[in-house]
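Subject: Structure for you to look at

Hello,

Here is the structure I said I would pass on.

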Amino acid sequence: IDNRLDVYAKVDAKLWIIIGQLKLAEKDTFKLESQRAELANKVSKYGGTLNQYRQAIDDIVVVNCAADIKGFMSLVATARQYHESIRAQSGDIANFVVNDIKSTLNGFVTELQTKPSTEQE
């Protein structure tokens with residue numbers, strides 16, 4: 001899970017670099033900047049859920065399951081819910097990057113490619 005957060009931070013940093021390069025090429029980056037902001041929001045929510053999951057796991061470790069079986073089972077159920085939420089959010093982020101951001105970047109690639117010499121004339 002921590003590796004994913006590192007990857008998301010690297011993707012965000014690379015998007016900032018790409019946005020800067022596109023601005024230097026005098027391209028409109030509004031859509032890409034909006035998508036980067038949305039990605040940052042999704043990653044922030046993912047991080048919040050991750051912290052809650054870690055807290056639930058830490059609570060499971062310290063609870064006396066023999067003395068408080070209902071509390072223990074409740075913590076396990078809570079941790080499972082957070083884990084499922086983490087998986088769903090991770091899938092959502094991956095789909096957003098592949099389907100939205102990548103398609104926007106591909107549009108810039110197509111737009112910036114040099115035309116063959118036959119088309120330039």
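A residue counts as buried under 20% relative accessible area, as exposed over 50%, and as partly exposed in between. D12 has a relative accessible area of 21%, so D12 is partly exposed. Please keep in mind that this is a predicted model.

Overall layout

The protein chain has four helices and zero strands. Read from the N terminus on, its elements run α-α-α-α. The C-alpha trace spans about 85 × 20 × 20 Å along the principal axes of the chain. The radius of gyration of the protein chain is 21 Å, whereas a compact globule of 121 residues would have one near 14 Å.

Of the 121 residues in the protein chain, 24% count as buried. The chain exposes about 8500 Å², and 53% of that is supplied by carbon and sulfur atoms. If you take the contacts between residues at least 6 apart in sequence, 73% of them join residues at least 24 apart.

The core

Which residues have the most contacts inside the largest nonpolar core? They are L32, L39, I93 and I101, in a core of 19 residues. Helices α1, α2 and α3 (69-112) are the elements that give two or more residues to this core. Its largest share, eight residues, comes from α2.

I93 is worth a look in the viewer. Leaving out residues up to four places away in sequence, I93 touches Y8, L39, K42, V43 and Y46.

Aromatic rings

How many aromatic pairs are there? The count comes to one. The rings of Y8 and Y46 have their centres 5.6 Å apart and their planes at 85°, so this pair is edge-to-face. The cut-off behind that step is that planes over 60 degrees apart count as edge-to-face. Y8 lies in helix α1 (residues 2-24) and Y46 in helix α2 (residues 30-62), so the pair ties together parts that are 38 residues apart in sequence. Both Y8 and Y46 are buried.

One charged residue also sits on a ring. K42 lies over the face of F96, at 5.3 Å from the ring centre.

R36 itself lies in helix α2. Is R36 buried or exposed? R36 has a relative accessible area of 12%, so it is buried.

K23 is found in helix α1. At 47% relative accessibility, K23 counts as partly exposed. Not counting residues up to four places away in sequence, K23 touches T29 and E33.

Where does E26 lie? E26 is in the loop between α1 and α2. Its relative accessibility is 73%, so E26 counts as exposed. The phi angle of E26 is near 60°, which is a positive value in a residue other than glycine.

Two more residues

T49 lies in helix α2. Its relative accessibility is 8%, and T49 therefore counts as buried. With residues up to four places away in sequence not counted, T49 touches Y82, S85, I86 and Q89.

E111 has its place in helix α3. At 48% relative accessibility, E111 counts as partly exposed. E111 and N51 are 60 residues apart in sequence, and their C-alpha atoms are 41 Å apart in space.

If you want an order for viewing, begin with the pair Y8 and Y46, go on to I93, which touches both Y8 and Y46, and finish with the loop residue E26.

Regards

Technical notes: Residues are numbered from 1 along each chain as its sequence is written. This is a predicted model: local features need pLDDT of at least 70, side-chain atom pairs count only at pLDDT 80 or more; totals for chains, interfaces and linings use all residues. Side-chain values use heavy atoms; hydrogens and water are left out. Rings of Phe, Tyr and Trp (its six-membered ring) pair if their centres lie within 6.5 Å; planes under 30 degrees apart count as stacked, over 60 as edge-to-face and the rest as tilted. Buried means under 20% relative accessible area, exposed over 50%, partly exposed in between (1.4 Å probe, protein chains only). A charge sits over a ring if NZ of Lys or CZ of Arg is within 6 Å of the ring centre and within 35 degrees of the ring normal. The radius of gyration is taken over C-alpha atoms; the globule rule is 2.2 Å times the number of residues to the power 0.38. Contact means heavy atoms within 4.5 Å. Accessible areas come from the Shrake-Rupley method with a 1.4 Å probe; for residues, only the protein chains shown count as cover. A nonpolar core is a set of buried Ala, Val, Leu, Ile, Met, Phe, Trp, Tyr and Cys residues joined through side-chain atoms within 4.5 Å.
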